[in-house]
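The following report describes a single protein chain and its two ligands. The sequence and structure come first, and the description follows.

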Amino acid sequence: MRNEARPGTHWLLGCGNMGGALLGRWIAAGTGPWRVIDPAKADAPDGAVRGAGDDDPAVVVLAVKPQVWREVVAPLAGRVAGAVVISVMAGVTAAALAEALPGARIVRAMPNTPAAIGQGVTGLWSADAGARDVAGALFEAAGAVVWLEDEADFDALTGVSGSGPAYVFGFIEALAAAGCAAGLSDDVAMALARGTVTGAAALAANDPAAADELRRRVTSPGGTTAAGLAVLMPGLGPLLVDTVAAAAARSKSLGGE
Ligand SMILES: NC(=O)C1=CN([C@@H]2O[C@H](COP(=O)(O)OP(=O)(O)OC[C@H]3O[C@@H](n4cnc5c(N)ncnc54)[C@H](O)[C@@H]3O)[C@@H](O)[C@H]2O)C=CC1
Ligand SMILES: O=C(O)[C@@H]1CCC=N1
């Protein structure tokens with residue numbers, strides 16, 4: 001197996017929220033050259049060129065919605081044999097991609113939007129060792145990478161980390177709303193909620209202590225945090241189990257659409 005991409009350009013199909021976030025990091029890291037194929041984009045971002053060229057690509061990243069992927073990749077069949085094709089699409093299996101794109105060296109990836117600032121976490125899987133090296137180098141430019149041994153774990157991973165930033169942003173919204181309900185102004189409540197979540201996340205990233213130890217350090221016996229956690233914790237675990245299960249089930253079903 002080759003451990004690097006064949007010569008040629010890198011193509012990004014779909015330069016929306018996720019594709020655009022990744023592309024910014026990849027251009028900054030000096031990868032490419034990149035071509036952006038997205039009918040909604042009148043211009044490519046700085047550092048990339050708009051539209052497919054005459055040459056066949058070395059690397060193709062598929063970042064369109066799962067609902068449209070078959071029609072998007074149909075013109076690629078015959079141009080990507082030997083190319084590394086990386087799909088960030090939820091639910092679409094490597095087998096389905098390989099069937100649509102004969103000879104492509106398929107990688108599945110599930111990033112998340114903090115990749116935009118190099119703070120993403122991306123789940124990766126490929127049966128092709130050389131393609132793993134190519135994809136690993138790309139996604140390491142956007143944050144942490146976690147390799148899966150079993151592609152079937154992608155649905156659960158998507159439910160945890162692909163969708164996960166939205167849960168955290170939803171938590172910020174809910175904590176701010178709770179602050180308002182307790183009498184704070186909108187602005188003060190949002191500043192406190194946002195600052196608390198970002199500060200706690202940064203502490204979790206920088207302090208080697210386990211999450212439960214970090215939680216205990218906030219929780220004075222008989223104090224305010226204990227009173228709050230007594231309300232929050234019994235429901236939080238089951239709620240997140242149901243949340244991740246719902247997202248994982250949707251990931252699984254998207255593959256069939
Ligand atoms: N948004 C997120 O947080 C994450 C999204 N993903 C995956 O990334 C993919 C894209 O999601 P988003 O970026 O959120 O969607 P989006 O709607 O922001 O971007 C999709 C892009 O595809 C473009 N597009 C539509 N038809 C096209 C065509 N025929 N050829 C080329 N481009 C075309 C659209 O113009 C749009 O810019 C999905 O498959 C999703 O599962 C994966 C991880 C996280
Ligand atoms: O909501 C979605 O389907 C995509 C996949 C993971 C995050 N966003």
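Which residues of H5 are buried? In this predicted model, the buried residues of H5 are Phe154, Asp155, Leu157, Thr158, Gly159, Ser161 and Gly162. A residue counts as buried if 20 or more other C-beta atoms lie within 10 Å of its own, as exposed if 12 or fewer do, and as partly exposed in between, with C-beta atoms placed from the backbone. Helix H5 spans residues 154-162, and seven of its nine residues are buried. Those buried residues pack against strands S6 (105-110) and S7 (120-125) and against helices H6 (164-181) and H9 (224-254). Contact here requires C-beta atoms, placed from the backbone, to lie within 7 Å.

Residues are numbered from 1 along each chain as its sequence is written, while chains are lettered from A and ligands numbered from 1 in the order in which they are written. As this is a predicted model, local features need pLDDT of at least 70 and side-chain atom pairs count only at pLDDT 80 or more, whereas totals for chains, interfaces and linings use all residues.

**Overall architecture**

The protein chain has nine helices and eight strands; helices (H or I, at least four residues) and strands (E, at least two) are DSSP runs, numbered from the N terminus. Its C-alpha atoms fill a box of roughly 70 × 35 × 35 Å along the principal axes. Of its 257 residues, 32% count as buried. Among contacts between residues at least 6 apart in sequence, 58% join residues at least 24 apart.

The domain assignment gives domain 1 (10-154) and domain 2 (164-254), with bounds that come from an automatic or database domain assignment. The C-alpha centres of these two domains lie 32 Å apart. Seven residues from domain 1 and six residues from domain 2 take part in the contact. The side of domain 1 that touches domain 2 has four nonpolar, three polar and no charged residues. In this classification Ala, Val, Leu, Ile, Met, Phe, Trp, Tyr, Cys and Pro count as nonpolar, Asp, Glu, Lys and Arg as charged, and the others, Gly among them, as polar.

UniProt positions are given in the numbering used here, feature names are shortened, and annotations may be inferred rather than shown by experiment. The table sets out the computed values for these ranges.

| Residues | Helix | Strand | End C-alpha atoms apart |
|---|---|---|---|
| 12-91 | 21% | 21% | 19 Å |

**Ligand surroundings**

Ligand 1 is surrounded by 25 residues, the closest being Gly14, Gly16, Ala40, Met89 and Ala90. A residue is near a molecule if its C-beta atom, placed from the backbone, lies within 6 Å of it. H1 gives the most to this shell, with three residues. By class, the shell around ligand 1 has 16 nonpolar, seven polar and two charged residues.

Around ligand 2 are Ala90, Thr158, Gly162 and Ser163, which divide into one nonpolar, three polar and no charged.

**Core and annotated loop**

The largest nonpolar core has 51 residues, and Leu12, Val60, Leu62, Val84, Val85 and Ala135 have the most contacts inside it. Such a core is a set of buried Ala, Val, Leu, Ile, Met, Phe, Trp, Tyr and Cys residues joined through C-beta atoms within 7 Å. Leaving aside neighbours within four places in sequence, Leu62 is in contact with residues including Leu13, Gly14, Trp69 and Val85.

The unreviewed UniProt entry gives a "binding site" annotation to Ala63, Val64, Lys65 and Pro66. Val64 is in the loop between strand S4 (59-62) and helix H2 (69-73), and this residue counts as buried because 23 C-beta neighbours lie inside 10 Å. Not counting residues up to four places away in sequence, Val64 touches Leu13, Gly14, Trp69, Val72 and Met89. Pro66 is in the loop between S4 and H2 and is partly exposed, with 18 other C-beta atoms within 10 Å.

**Further local features**

Most peptide bonds are trans. The bond from Gly32 to Pro33 is cis, with omega near 10°. Pro33 is in the loop between helix H1 (17-28) and strand S2 (34-37).

Gly179 is found in helix H6 and is partly exposed, with 19 other C-beta atoms within 10 Å. Leaving aside neighbours within four places in sequence, Gly179 is in contact with Leu184, Ala189, Leu192 and Ala193. Gly179 and Met190 are eleven residues apart in sequence and 8.1 Å apart in space, C-alpha to C-alpha.

Note on methods
Two residues are in contact if their C-beta atoms, placed from the backbone, lie within 7 Å.
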